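Please look over the sequence and the structure shown here before reading on. The notes that follow take up the packing of helices and then a group of aromatic rings.

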Amino acid sequence: MLLTGFSTLVWLLYMVMLVLAVVALIMAAMAREDAYRAADKQKKSFWLLILGITVAVNLFVPMLFLQLAGAVASIVFLVDVRPALQAVSGGGRGRRRGGSSSDGPYGPYNGGR
C-alpha cells in the first residue's frame with residue numbers, strides 16, 4: 001500500500017513537470033523573436049530547443065535527473081524570461097493604464113504640498 005502511494009506521488013510529479021514544460025514551450029513559441037533581443041535574453045530558437053527537449057525527455061526518457069534539469073529550465077523561462085518579454089512587448093501587469101508620469105504607487109505625487 002505504501003509503495004502504490006509513492007508511485008502515485010511520483011507519477012503526479014512527472015505529470016506536473018510535463019505540464020510545466022508544455023506550458024513554457026507554448027509561451028516561448030507565442031512570443032515574438034525581436035522581443036527576445038529587446039529583452040536581452042537568449043534567442044527564441046534557443047528557448048524553443050531547450051523547452052522542446054524538456055518536453056521530449058518528460059515524454060520518452062524516464063530519467064529523473066534529466067526531468068529535473070528540464071523543470072529548472074522551464075521555471076527559469078517562466079519566472080525570468082517571460083516577464084521580461086512581456087515588459088518589452090507592452091503586455092502583462094506592468095502596463096500603465098493612464099495617469100501622469102509623476103504618479104506613484106498610491107496616487108499622484110504633488111511635490112510635498
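Axes are lines fitted to C-alpha atoms, for helices over the stretch in contact, and angles run from 0 to 180 degrees between N-to-C directions. Helices (H or I, at least four residues) are DSSP runs numbered from the N terminus. This is a predicted model, in which local features need pLDDT of at least 70 and side-chain atom pairs count only at pLDDT 80 or more, while totals for chains, interfaces and linings use all residues. Residues are numbered from 1 along each chain as its sequence is written, and side-chain values use heavy atoms, with hydrogens and water left out.

**Helix packing**

- The axes of helix 1 (residues 2–30) and helix 3 (residues 44–60) come within 9 Å and cross at roughly 155°.
- Helix 1 and helix 3 are therefore roughly antiparallel to each other, a term used for angles over 145 degrees.
- The contact (heavy atoms within 4.5 Å) involves residues including Leu-18 and Leu-25 of helix 1 and Leu-48 and Val-55 of helix 3.

**Aromatic rings**

- Phe-46, Trp-47 and Phe-77 form one aromatic cluster, where rings of Phe, Tyr and Trp (its six-membered ring) pair if their centres lie within 6.5 Å.
- Phe-46 and Trp-47 form an edge-to-face pair, 5.4 Å centre to centre with 80° between the planes; edge-to-face means planes over 60 degrees apart, stacked under 30, and tilted the rest.
- Trp-47 is buried, with a relative accessible area of 8%, where buried means under 20% (1.4 Å probe, protein chains only).
- Trp-47 and Phe-77 form a tilted pair, 5.5 Å centre to centre with 55° between the planes.
- Trp-47 lies in helix 3 and Phe-77 in helix 4 (residues 64–89), so the pair ties together parts that are 30 residues apart in sequence.

Note on methods
Helix = DSSP H or I, 4+ residues; strand = E, 2+ residues; numbered from the N terminus. Parallel < 35°, antiparallel > 145°, perpendicular 65-115°, else oblique. Buried < 20%, exposed > 50% of the residue type's maximum accessible area, 1.4 Å probe, protein only.
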